[in-house]
Amino acid sequence: MRRTGVVLTVVMGLTACSNPGDVGDGEGLLKEFKYLGCEGDWEDESYAPEVLRNQEGDVTTYLVRHNYGCGYDRGLEPKARLSGETLKLDYRLETSGDGDMAACICEYRARFKIAAPAAQVRTVKVNGDEARLSDGEAFR
């Protein structure tokens, strides 16, 4: 019995580390989440997050671009909630290393696939911050 617990723990650990940014079982509002990582230094004059929206059938993709301190390489615990006409997208950044964090501001990106028509959403918040929302397929 004890061996089974150890094997199960190791298998669960390997699964969690294989691609920590991919989450979403296709049920509920959040259909899929993908942490896309750091794109380098944040160079936008505005510190407000930016969200691009793209509707495909019954699923709307929200490509999120936001700033945060440098050094994070995992996006975990994604959540999507619809409150009236506001879509609230949240996830937690984490580092897998135990080294020092840099004192700079980086640009992070993530993709949320949501089971709600784009017309329902007028505003988006990313990790609690009001985002600039536009329709499109890619960032500049």
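Author: Start with its origin: this is a predicted model.

Reader: What share of the residues counts as buried?

Author: Of the 140 residues, 32% are buried.

Reader: What can contacts say about how the chain is arranged?

Author: Look at the sequence separation of the residues that touch. Among contacts between residues at least 6 apart in sequence, 72% join residues at least 24 apart.

Reader: How do I read a sheet?

Author: Strands of a sheet pair through backbone hydrogen bonds, and the pairing is either parallel or antiparallel. In this model, five strands make an open sheet with mixed pairing, in the order 1-6-3-2-9. Strand 1 (30-41) and strand 9 (132-135) are at the edges with a single partner strand each, so one side of each has no neighbour in the sheet. From one strand to the next, the twist averages 20 degrees.

Reader: How do strand 3 and strand 6 run, parallel or antiparallel?

Author: They run antiparallel, and ten bridges join strand 3 to strand 6 (residues 105-114). To follow one of these bridges, find threonine 60: its bridge partner in strand 6 is isoleucine 114.

Reader: And the charged side chains, how should I read those?

Author: Side chains of opposite charge can pair when their charged atoms come close. The count of salt bridges in this model is twelve. One of them joins glutamate 50 to arginine 65, with the closest N and O atoms 2.7 Å apart. This pair links distant parts of the chain, since glutamate 50 belongs to strand 2 (residues 50-56) and arginine 65 to strand 3 (residues 59-69), 15 residues apart.

Reader: Why do glutamate 50 and arginine 65 count as buried?

Author: The cut-off for buried is under 20% relative accessible area. Glutamate 50 has 12%, so it is buried. Arginine 65 has 5%, so it is buried as well.

Reader: What about arginine 81 and aspartate 90?

Author: Their side chains also meet in a salt bridge, at 3.0 Å from N to O. Arginine 81 is partly exposed, with a relative accessible area of 40%, whereas aspartate 90 is buried at 17%.

Reader: Which residues are linked in a network of salt bridges?

Author: Asp44, Glu50, Arg65, Glu107, Arg109 and Arg132 are linked in such a network. Within it, arginine 109 forms a salt bridge with glutamate 107, and the two residues are both buried.

Reader: Where does glutamate 107 lie, and what does it touch?

Author: Glutamate 107 lies in strand 6 and has a relative accessible area of 7%. Its side chain makes a polar contact of 3.2 Å with the side chain of arginine 65 and another, of 2.7 Å, with that of arginine 109. Apart from residues up to four places away in sequence, glutamate 107 touches Gly37, Cys38, Glu39, Gly40, Asp41, Trp42, Arg65 and His66.

Reader: Is histidine 66 buried or exposed?

Author: Histidine 66 is buried, at a relative accessible area of 4%. Its place is in strand 3. A polar contact of 2.6 Å joins its side chain to that of tyrosine 91. With neighbours within four places in sequence left aside, the residues in contact with histidine 66 include Trp42, Pro49, Leu93, Cys106 and Val126.

Reader: Where is aspartate 58 found?

Author: Aspartate 58 is in the loop between strand 2 and strand 3. At 68% relative accessibility, aspartate 58 counts as exposed. Neighbours within four places aside, aspartate 58 is in contact with Ile114, Ala115 and Ala116.

Reader: How far apart are aspartate 58 and alanine 118 in sequence and in space?

Author: They are 60 residues apart in sequence. In space the separation is 9.1 Å, C-alpha to C-alpha.

Notes: Residues numbered from 1 in each chain as written. Predicted model: local features only at pLDDT ≥ 70, side-chain atom pairs only at ≥ 80, totals over all residues. Heavy atoms only, no water. Salt bridge = Lys/Arg side-chain N within 4 Å of Asp/Glu carboxyl O. Helix = DSSP H or I, 4+ residues; strand = E, 2+ residues; numbered from the N terminus. Buried < 20%, exposed > 50% of the residue type's maximum accessible area, 1.4 Å probe, protein only. Pairing = 2+ DSSP bridges. Axes fitted to C-alpha atoms, helices over the stretch in contact; angles between N-to-C directions. Polar contact = N/O pair within 3.5 Å; in protein donor to acceptor, adjacent residues only side chain to side chain. Contact = heavy atoms within 4.5 Å.
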